[in-house]
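Try each one before reading its solution.

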Amino acid sequence: MLVINTVNELVKTAAALRGEGKTIGLVPTMGALHEGHLSLIRRAREENDVVFVSIFVNPVQFNNPDDLRKYPRTLDSDVQLIGDLADYVFAPSVEEVFPTPPTEEYHYGPVEEVMEGAARPGHFNGVGVIVGRLLKWTNPHKAYFGEKDYQQIAVIRQLVRICDIQSEIVPCPIVREPNGLAMSSRNRLLTPEQFELAANIHRILEASKQQPDVPQIKAFVESEIGKIDAFKLDYFEIADDLTLQTVNSLADAQGVMGFITVYVGEVRLIDNIRYK
């Protein structure tokens, strides 16, 4: 596995591999890797001749400077963890990716106007800036993203349509800790007590499947989350799994999912669940 630090080397390497007829898989990450990331890399390894993993804490997708400052940065251990699963790791500096302030502006339509888009203004434009650049630089056949960030996948699918990028966007299932908590780089910011408490997010979502319809599901989840002092609910939305628009009944869409964001202390965690 080779570590690449410059855009020029990345572009030249990927283009040469394409020219040789190799299929390329890309796994974009912000580092602080865990088993969820490794599951994406393994899938990319199975489905492509060559695998690129990017490790870059993207400042333009953080609307909270404190959140950016606290985000874990563990490049050396990340590279060691990846080992032979990938062929190339792209680990640039901020100055390399953004020699000048980015000017891209993306409008994804209704999928960006709800949930994370509403809670974190500018977040998805920042995601589009970095993902768009990575896709253009590497021109992968497939790019892999975890379904914990389900709305992000919907936004990136819009991005590739807007930019006429030919890469296939491959969603991959959530990987969970033994206690049920969705794996996240942010989990390492939790205290041991908070880590165990945070498992209740998934437990409550699973239990909410027993409720008959949307109003009862919402009331149940909001009530159960409210019973845990360490939790602060940011939002819980039940939405069409394609449009991400709110539904009032499980009968309103062919596929329905619940999306939740909870502060555990000062750590913001997201999760989701499918109802149908």
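**Exercise 1.** Is Cys-163 buried, partly exposed or exposed?

*Solution.* Before starting, note that this is a predicted model: local features need pLDDT of at least 70, side-chain atom pairs count only at pLDDT 80 or more, and totals for chains, interfaces and linings use all residues. Residues are numbered from 1 along each chain as its sequence is written, and side-chain values use heavy atoms, leaving out hydrogens and water.

Step one: buried means under 20% relative accessible area, exposed over 50%, and partly exposed in between (1.4 Å probe, protein chains only). Step two: Cys-163 has 23%, so call it partly exposed. For contrast, Cys-172 comes in at 3% and counts as buried.

**Exercise 2.** Classify the ring pair Phe-52 and Tyr-88.

*Solution.* Step one: rings of Phe, Tyr and Trp (its six-membered ring) pair if their centres lie within 6.5 Å; planes under 30 degrees apart are stacked, over 60 edge-to-face, the rest tilted. Step two: the centres of Phe-52 and Tyr-88 sit 4.9 Å apart with planes at 15 degrees, so this pair is stacked. Step three: both residues, Phe-52 and Tyr-88, are buried.

**Exercise 3.** Now do likewise for Phe-62 and Tyr-71.

*Solution.* Step one: their ring centres are 5.7 Å apart and the planes make 75 degrees, so you've got an edge-to-face pair. Step two: check burial, and you find Phe-62 buried at 11% and Tyr-71 buried at 9%. In total, the structure holds six aromatic pairs.
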